[in-house]
Amino acid sequence: MVNETVHKELLKKYRAHFGRDPEVVAYAPGRIEVLGNHTDYNEGFVFSAAINFGTFFAASKCETTGCHLVAGDLMKEVSFDLQHIEASKTDTWQNYVKGTLAGLAGVKAPSCGFDGMFFGNIPLGSGLSSSAALEMCAGLALGQLYGISVDTVTLAKIGQKAEHDYAGCNCGLLDQISSLAGQAGKLVKTDFRSVAFETAELGADACFLMCNTHAKHALVDGAYNKLRASCEQAAAHFAKVLRHPVKALRDVSMAEWAIYKRDLPEAVANRAAHPIGEDERVLKGAELLAKGDLPGFGALMFDSHESSRVLFENSCEELDAVVDAAKKIPGVLGARLSGGGFGGSVVVLVHPRDAETASIALANAYAAKFGKPCDVSVIKPAAGARVLK
Ligand code: ADP
Ligand code: MG
């Protein structure tokens, strides 16, 4: 179910602004990362979900090569020519759409410009990937408008390239894949070596809380690059000492890590244990979900956070405080940091009947420690991106 109020509001705004109905409308949801942290660039596994918050994109063809793009909630408009799709330093929201359009144009050149508007309800910059949602709804709408059809992975890669080349963010493919492949009540399990994905039933007896601490610790990019370098260093070490091929940490088991870590500096060995352990937790999590064992799955989420805190060291006081509080709240099954770390959000697995009280308890526990509550949203795994008209 898409949010009909947001959808109607977009159509109303589109008519008022462009004086006609859009020819096409597409929708794409945000996403949460549920299990499998820093595993994507180690060619491992991630559990994620598309969520019940998303962005709509409406568009119609123009007679000229002029493109007119409106951010519906800001009611800001930019214009550019199809022949000059360049990133802008001001109104940077346009870059996600421009990058996606440039990617589609690389598949087949659009014949004319467009009148486009997007509007949604994903909180921006809070770990729910509003940027990927914007790319994916723009990609589906403009692809439909111009008759450019691309498969899921190609569209996800077009969005990723828009982030790299137009928005200056070197992200992996998780956000776009999750937005496209999500299904109601299901998690998406992606293998980042083959970029193959499948869904796993979560069931109606669980939903998530996303707790945004708004904490942002300095040196995020530097720290991220250092962690990545440690993973690569460890993978190169295991490639030398193990008899089977090791291309990435994905190829190393925890048992092998325990035996062969000794020649690595302790800090590097600890860093490597995190993505290796996360891969094993995702695979174990898939088995538990298949049996309907939600408490078991939740316990893996707590383990994941502990691994971040102790081994990978990408947690922080604020995230730890939310997870510690979550452990004491009735109905909470699991909690862990979600995304890069060093601040941002904690994802909590909870029985839907307890979601409301747990949200209040988490916000209060956070406020008691830090003087202001964290923002808590109730998240349900929802259907992925699609063309609506
Ligand atoms: P996240 O993807 O976690 O929400 P990012 O910083 O990657 O955070 O992307 C947020 C940016 O995406 C915003 O600052 C804005 O430029 C753009 N954006 C996404 N959705 C919208 C929207 N509905 N309206 C305006 N800008 C948007
Ligand atoms: Mg983003």
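Colleague: Helices here are DSSP runs of H or I with at least four residues, and they are numbered from the N terminus. Which one gives the largest share of the lining of the largest pocket?

Modeller: In this predicted model, that share comes from helix 6, which contributes five residues to the lining of the largest pocket.

Colleague: And which other elements give two or more residues to that lining?

Modeller: Besides helix 6 (220-241), the elements that do so are helix 3, helix 4 (152-165) and helix 5 (174-181), together with strand 1 (24-35), strand 8 (207-216) and strand 10 (343-350).

Colleague: How many residues line it, and which lie nearest its centre?

Modeller: The lining of the largest pocket is made up of 45 residues, and those nearest the centre are Arg31, Cys169, Cys171, Asp175 and Gly340. By class, 23 of the lining residues are polar, 14 nonpolar and eight charged, and the space in the pocket comes to about 1,600 Å³.

Colleague: Switching to ligand 1, which pocket does it sit in?

Modeller: Ligand 1 sits in the second largest pocket. Two elements give two or more residues to the shell around ligand 1, namely helix 2 (93-107) and helix 3 (130-146), and helix 3 gives the most, with three residues.

Colleague: What else is in that shell?

Modeller: The residues surrounding ligand 1 include Asp73, Trp93, Tyr96, Phe118, Leu124 and Gly127, and by class the shell divides into five nonpolar, five polar and one charged.

Colleague: Which residues place a backbone N or O atom by an oxygen atom of the ligand, and at what distance?

Modeller: For Gly125, a backbone N or O atom lies 2.8 Å from an oxygen atom of ligand 1, while for Ser129 the corresponding distance is 3.5 Å. From a side chain, a polar atom of Ser131 lies 3.0 Å from an oxygen atom of ligand 1.

Colleague: How much of the ligand's accessible area does the protein cover?

Modeller: Ligand 1 has 560 Å² of accessible area on its own, and the protein covers 78% of that.

Technical notes. Residues are numbered from 1 along each chain as its sequence is written. Chains are lettered from A and ligands numbered from 1 in the order in which they are written. This is a predicted model: local features need pLDDT of at least 70, side-chain atom pairs count only at pLDDT 80 or more; totals for chains, interfaces and linings use all residues. Side-chain values use heavy atoms; hydrogens and water are left out. A residue is near a molecule or strand if one of its heavy atoms lies within 4 Å of it. A polar contact is a pair of N or O atoms within 3.5 Å; within protein, one must be able to donate a hydrogen and the other to accept it, and residues adjacent in sequence count only if both atoms are side-chain atoms. Accessible areas come from the Shrake-Rupley method with a 1.4 Å probe; for residues, only the protein chains shown count as cover. On a 1 Å grid over the protein atoms alone, a cavity is a set of points where a 1.4 Å probe fits but cannot get out, and a pocket is an open set with protein on both sides within 12 Å along at least five of seven lines; lining residues have an atom within 4 Å of a point. A molecule sits in a cavity or pocket if more than half of its atoms lie within 2 Å of its grid points. Ala, Val, Leu, Ile, Met, Phe, Trp, Tyr, Cys and Pro count as nonpolar, Asp, Glu, Lys and Arg as charged, and the others, Gly among them, as polar. Grid points are joined across faces, edges and corners, and a volume is the space filled by probe spheres set on the points.
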